[in-house]
Amino acid sequence: MRTLLVGLGRAGAQLHLPVLAGARVAAPQFFDDEPVVGCDPWRTPSERPGLIVRESLEAAAAEVDPARTVAHVCTPPESRSEVIAALARRGFRRLVVEKPLAIDTDELSRVIELRRQHGLRIAVVEPWLTSSLTARLTALGRDGRLGEPRSITLVQNKPRFRRSLTTTSHRTAFDVELPHGVGLALRLAGNARVTHASGTDLVVGRTRVPRMGGARVGLRHTNGTRTEIESDLTSPVRERRVVLRFERGTAVGHYAVSSDDPYSQLTVTTDGRHEHQVLRDDSLTEWMAYAYRLFQGGRDQHAKSFSVACDVARLLSVAKNISAEPVVPAARAPEAVSAV
């Protein structure tokens with residue numbers, strides 16, 4: 001299958017494009033040998049090896065056959081339904097969509113209706129859910145040797161000053177790292193509701209970026225497990241840590257913080273004993289190959305993951321409403337846009 005990238009900011013050009021190159025090497029049977037075709041609604045990037053750039057979506061779409069192409073939506077999250085509608089009108093039915101799927105329930109309803117109306121097959125990027133660390137954590141919850149789960153703590157910290165100060169690609173910290181964390185919590189403990197949420201501003205000197213400093217969300221799962229998720233975008237260090245507390249032990253996992261070193265780590269403590277594992281975990285590359293493989297099937301095999309992405313969007317919408325009044329979109333300067 002061929003690839004069309006819509007949005008060539010950080011997510012499209014710096015994340016999806018190199019990941020696709022790795023996935024082509026790992027699973028060449030799922031990918032066409034032709035270059036990726038890309039466009040950006042707000043900028044005209046230069047071409048690079050393996051990428052053909054066109055000035056508009058219309059021109060880029062003319063380069064590929066929609067029936068055998070996967071379109072990647074890597075534009076800022078508030079434009080999801082607009083871009084998906086434009087692709088659907090041009091005959092594209094297989095879409096990879098960056099997280100979050102939607103920034104609020106109104107936008108989510110539009111995406112759901114477009115999917116129903118046009119028979120779209122949508123895969124929302126969720127590398128944590130195909131991670132080898134997540135598989136180990138899920139197995140710990142199922143095998144029962146540590147007893148029933150009691151709580152989950154997720155920490156997703158990283159410094160994000162430059163992008164928050166220079167772009168408007170995200171409007172709140174809830175939309176940056178938390179979609180991964182909420183999705184992981186639902187995978188590990190099932191359905192949940194929001195119990196509390198809060199957010200902070202990013203402040204550098206006299207400059208303040210509302211609601212981009214960090215975010216916290218509390219969840220209560222149907223099975224009684226409680227989850228606390230924290231994301232600090234002013235942290236001096238990068239960290240993606242999950243702590244699962246069970247009746248008879250604790251599991252602490254560290255996800256890879258970048259593609260430079262694709263390894264995760266897991267430490268399980270029970271009865272005073274510590275078991276430590278280092279796991280090969282190039283989860284995004286593996287997820288991309290997996291998504292393309294499912295696209296080649298005759299049925300919508302992404303339907304279940306799409307449903308989870310909808311649940312994540314709904315929970316985060318509730319959390320944002322609890323933490324503050326809805327944010328009025330800022331005016332978008334073309335040169336300041338970065339699709340993340």
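Before anything else I wrote down the burial terms: buried means under 20% relative accessible area, exposed means over 50%, and partly exposed is in between. I also noted that this is a predicted model.

**Entry: a pair in α9**

I began with Asp 311, which has 28% relative accessibility and therefore counts as partly exposed. I found both residues in helix α9 (residues 303–323), three residues apart, which is about one turn of the helix. An α-helix has 3.6 residues a turn, so residues three or four places apart point the same way.

**Entry: other salt bridges**

How many salt bridges does the structure hold? I got 16. Side chains of opposite charge can pair when their charged atoms come close.

Glu 177 and Arg 240 make one of these bridges, at 3.3 Å from N to O. Glu 177 sits in the loop between α6 (161–166) and α7 (178–189) and Arg 240 in strand β11 (residues 234–246), so this pair ties together parts that are 63 residues apart in sequence. Are Glu 177 and Arg 240 buried or exposed? Both are buried.

Next I checked Glu 239, which bridges to Arg 241 with the closest N and O atoms 2.5 Å apart. Arg 241 is partly exposed, because its relative accessible area is 23%.

**Entry: cysteines**

I looked for disulfides and counted zero. A disulfide is a covalent bond between the sulfur atoms of two cysteines. The cut-off I used is 2.5 Å. Cys 39 is buried at 1% relative accessibility, and Cys 74 is buried at 0%.

**Entry: Thr 134**

Thr 134 is in helix α5 (residues 132–143). Its relative accessible area is 1%, so I put Thr 134 down as buried. Leaving aside neighbours within four places in sequence, I listed what Thr 134 is in contact with: Trp 128, Leu 129, Leu 184, Arg 187 and Tyr 255.

**Entry: the open sheet**

I traced six strands forming an open sheet, in the order β3-β2-β1-β4-β5-β6, with parallel pairing. Its edge strands are β3 (51–53) and β6, each pairing on one side only. On average, neighbouring strands here are turned by 25° against each other, direction ignored. I took a look at β1 and β4, which pair in the parallel sense over five bridges. Val 6 stands opposite Val 73 in β4.

Last came helix α8 (residues 283–295). At 1.5 Å a residue its 13 residues should span 18 Å, and the end C-alpha atoms are 18 Å apart, which agrees. Ten of the 13 residues of α8 are buried, so the helix is largely enclosed by the rest of the structure. Among the buried ones I noted Trp 287, Met 288, Tyr 292 and Phe 295.

What do the buried residues of α8 pack against? I found β1 (2–6), α1 (10–26), β4 (69–73), β5 (94–97) and β6 (121–124). α8 lies across β1, β4, β5 and β6, and runs at about 170° to β6.

Key. Residues numbered from 1 in each chain as written. Predicted model: local features only at pLDDT ≥ 70, side-chain atom pairs only at ≥ 80, totals over all residues. Heavy atoms only, no water. Salt bridge = Lys/Arg side-chain N within 4 Å of Asp/Glu carboxyl O. Helix = DSSP H or I, 4+ residues; strand = E, 2+ residues; numbered from the N terminus. Buried < 20%, exposed > 50% of the residue type's maximum accessible area, 1.4 Å probe, protein only. Contact = heavy atoms within 4.5 Å. Expected span 1.5 Å × (residues − 1). Pairing = 2+ DSSP bridges. Axes fitted to C-alpha atoms, helices over the stretch in contact; angles between N-to-C directions.
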